[in-house]
Amino acid sequence: MDQRVIEKIVAEVISRLQGSAAKERTIPIAVSARHCHLSQHDLEALFGAGYELTKKKDLSQPGQFAANETITIVGPRGSLENVRILGPARSLTQVEVSRTDAVKLGSKPPLRQSGDINGSAPITLVGPKGSIYKKAGLIIAQAHIHMSPDDAAEFAVNNGEYVSVEVGGQRPVTFGNVLIRVSPRYQLEMHVDTDEANATWIEGNTCGRIRKQKDRDHLVPLETGIETPPPFPAETAKESARILEKAKTSIFSGLLTQRDVQNCLNDELVVDKQTIITPLARDTAREMGISIKMIETKGAKK
Ligand SMILES: [Zn+2]
């Protein structure tokens with residue numbers, strides 16, 4: 001018999017012997033990778049007028065889906081490609097990343113509940129048909145539990161309450177300040193980001209146990225202790241817009257490298273006839289389905 005099956009049976013027998021512990025309902029934990037929600041207005045700015053998202057797969061919360069479409073997000077120090085869009089379109093554009101992602105972007109997004117983006121960090125979004133700079137919208141999502149009113153009654157918790165969640169396994173952790181979100185539309189599930197999941201070894205069917213948060217008054221309120229994000233320097237915003245514009249439209253001359261090809265946002269790269277194209281750039285272009293078009297120019301700038 002599989003070792004895991006044996007362990008499961010042993011655990012069940014022990015918990016039955018212990019009585020009430022067997023009855024405790026656990027919370028399935030799901031991991032939210034970096035993703036974004038777009039307003040219809042922003043969706044069209046990135047993908048073209050009248051654009052509608054196409055569904056890749058349904059998510060556990062009813063009506064929510066992962067779209068086939070992805071975008072690139074750009075911060076002051078770096079960018080992240082293939083950021084999944086979750087549908088349907090919302091009233092406000094919001095990008096959710098982990099703290100590790102934020103370091104890569106060079107941004108300092110605050111820890112927030114989904115939807116609470118006022119004064120959050122700025123971010124530039126790049127799609128196939130355009131790019132937009134959002135003054136706010138980048139957050140790190142607060143760990144939370146979706147549940148129905150029946151579940152809330154069962155766990156004796158209220159919407160907006162913060163609880164602790166114990167997670168066992170080979171690296172047990174107790175999460176604090178986990179927000180309870182109640183709606184008749186919700187299915188019981190806790191959502192953590194990839195940093196939290198990796199730190200706790202959360203995979204497949206990991207579950208947690210709700211604990212009332214002790215000494216709640218002693219907890220640092222959510223909004224304190226968080227550094228306010230520094231203002232996004234205008235030059236940085238302009239610079240990222242310039243780089244993106246160049247990647248989209250410029251005519252290359254001199255030397256075309258693999259990096260230039262990787263930065264290309266179109267399916268065609270226009271280069272001056274005199275341009276030296278590295279073999280790696282050529283291979284990468286082929287792999288990415290980007291055609292290289294040679295044209296005659298006078299004094300094209302790299
Ligand atoms: Zn959620």
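The model is predicted. Its six-stranded barrel closes in the order S1-S13-S10-S12-S11-S14, and the zinc ion has His144, His146 and His191 as its protein donors.

**The barrel**
- The strand pairing in this barrel is mixed.
- On average, neighbouring strands of the sheet are turned by 45° against each other, direction ignored.
- Strand S1 (residues 27-32) and strand S14 (residues 207-212) run antiparallel and are joined by two bridges.
- Ile27 has Gly208 in S14 as its bridge partner.

- Along the chain, the donors follow the spacing H-x1-H-x44-H.
- His144 sits in strand S10 (residues 144-147) and His191 in strand S13 (residues 189-193), so this pair ties together parts that are 47 residues apart in sequence.
- His144 has a relative accessible area of 8% and is therefore buried, the cut-off being under 20%.
- His191 also counts as buried, at 14% relative accessibility.

**Around His144**
- The side chain of His144 makes a polar contact with the side chain of His146 at 3.1 Å.
- It also reaches the backbone oxygen of Gln142, at 2.9 Å.
- Leaving aside residues up to four places away in sequence, His144 touches Val178, Leu179, Arg181, Glu189, Met190 and His191.
- Val165 is 21 residues from His144 in sequence, and their C-alpha atoms are 9.9 Å apart in space.

Key
Residues numbered from 1 in each chain as written. Predicted model: local features only at pLDDT ≥ 70, side-chain atom pairs only at ≥ 80, totals over all residues. Heavy atoms only, no water. Pairing = 2+ DSSP bridges. Helix = DSSP H or I, 4+ residues; strand = E, 2+ residues; numbered from the N terminus. Axes fitted to C-alpha atoms, helices over the stretch in contact; angles between N-to-C directions. Donors = N, O, S within 2.8 Å, 3.2 Å for Na, K, Ca; no water. Buried < 20%, exposed > 50% of the residue type's maximum accessible area, 1.4 Å probe, protein only. Contact = heavy atoms within 4.5 Å. Polar contact = N/O pair within 3.5 Å; in protein donor to acceptor, adjacent residues only side chain to side chain.
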